[in-house]
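Take a look at the model below. We will walk through how its parts meet and where open space is left.

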Number of protein chains: 2
Amino acid sequence: MRFDVEVRVMPRATLLDPQGQAVEHALQALGFERVSGVRVGRALTLQLERADAGRAEADARAMCQRLLANPVTEDFTLSVRATS
Amino acid sequence: MRFDVEVRVMPRATLLDPQGQAVEHALQALGFERVSGVRVGRALTLQLERADAGRAEADARAMCQRLLANPVTEDFTLSVRATS
């Protein structure tokens with residue numbers, strides 16, 4: 001079976017995010033007011049060929065833990081769906 | 001009202017994504033087989049204070065068009081929800 005995987009990797013809530021602060025200031029400079037808490041992370045999409053959804057999700061999680069996210073500074077969320 | 005905004009900015013499907021290709025090769029080098037179509041983009045989260053959901057979504061879209069996404073090379077998707 002073929003699966004679409006979406007991964008979001010964000011800086012941990014307790015850590016400073018200088019890139020997010022820069023974007024927040026830029027938005028305010030453009031006139032967007034009452035904007036707060038801007039955080040910038042990475043979004044990844046990929047396709048996986050696996051026997052079933054459980055295996056696809058387990059492998060996607062392993063990819064995040066081993067390569068896609070930094071376990072010390074980042075959190076990730078996963079979405080795995082069979083390709084329509 | 002307060003809204004949580006999630007933005008995903010991805011390279012257009014028709015464009016090469018060298019960063020995605022590098023990640024795909026790295027995943028294969030780590031032993032993850034049958035992985036394809038890796039694309040790497042940005043994920044942003046922010047909070048907005050707006051009168052209603054329509055206004056929040058319109059402003060979030062304007063932020064993407066004016067700053068957060070490159071209209072020539074990137075597509076964005078938006079999610080706007082009232083803060084629980």
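**Where the chains meet**

Start with the contact: 33 residues of chain B touch 33 residues of chain A, where contact means heavy atoms within 4.5 Å. This is a predicted model, in which local features need pLDDT of at least 70, side-chain atom pairs count only at pLDDT 80 or more, and totals for chains, interfaces and linings use all residues. Residues are numbered from 1 along each chain as its sequence is written, chains are lettered from A and ligands numbered from 1 in the order in which they are written, and side-chain values use heavy atoms, with hydrogens and water left out.

The size of an interface is often given as the accessible area lost when the parts come together. Between chain B and chain A, the buried area is about 2,900 Å². That is the accessible area (1.4 Å probe) lost on joining the two parts, summed over both. Carbon and sulfur atoms give 59% of it.

Side chains of opposite charge can pair when their charged atoms come close. Two salt bridges link chain B and chain A. A salt bridge is a side-chain nitrogen of Lys or Arg within 4 Å of a carboxyl oxygen of Asp or Glu. One forms between B:Arg8 and A:Glu6, with the closest N and O atoms 3.3 Å apart. B:Arg8 sits in strand S1 of chain B and A:Glu6 in strand S1 of chain A, so the pair joins two chains. Strands here are DSSP runs (E, at least two residues), and helices are runs of H or I (at least four), numbered from the N terminus. Over all chains, the structure holds 16 salt bridges.

**Where space is left**

Now find the largest pocket. Its volume is about 290 Å³, the space filled by probe spheres set on grid points joined across faces, edges and corners. A pocket is an open set of points on a 1 Å grid over the protein atoms alone, where a 1.4 Å probe fits, with protein on both sides within 12 Å along at least five of seven lines; lining residues have an atom within 4 Å of a point.

Which residues lie nearest the centre of the largest pocket? They are A:Glu6, A:Arg8, A:Thr77, B:Glu6 and B:Arg8, out of 18 lining residues. Strands S1 (2-11), S2 (35-49) and S3 (74-82) of chain A, and S1 (2-11), S2 (35-49) and S3 (74-82) of chain B, each give two or more residues to this lining.
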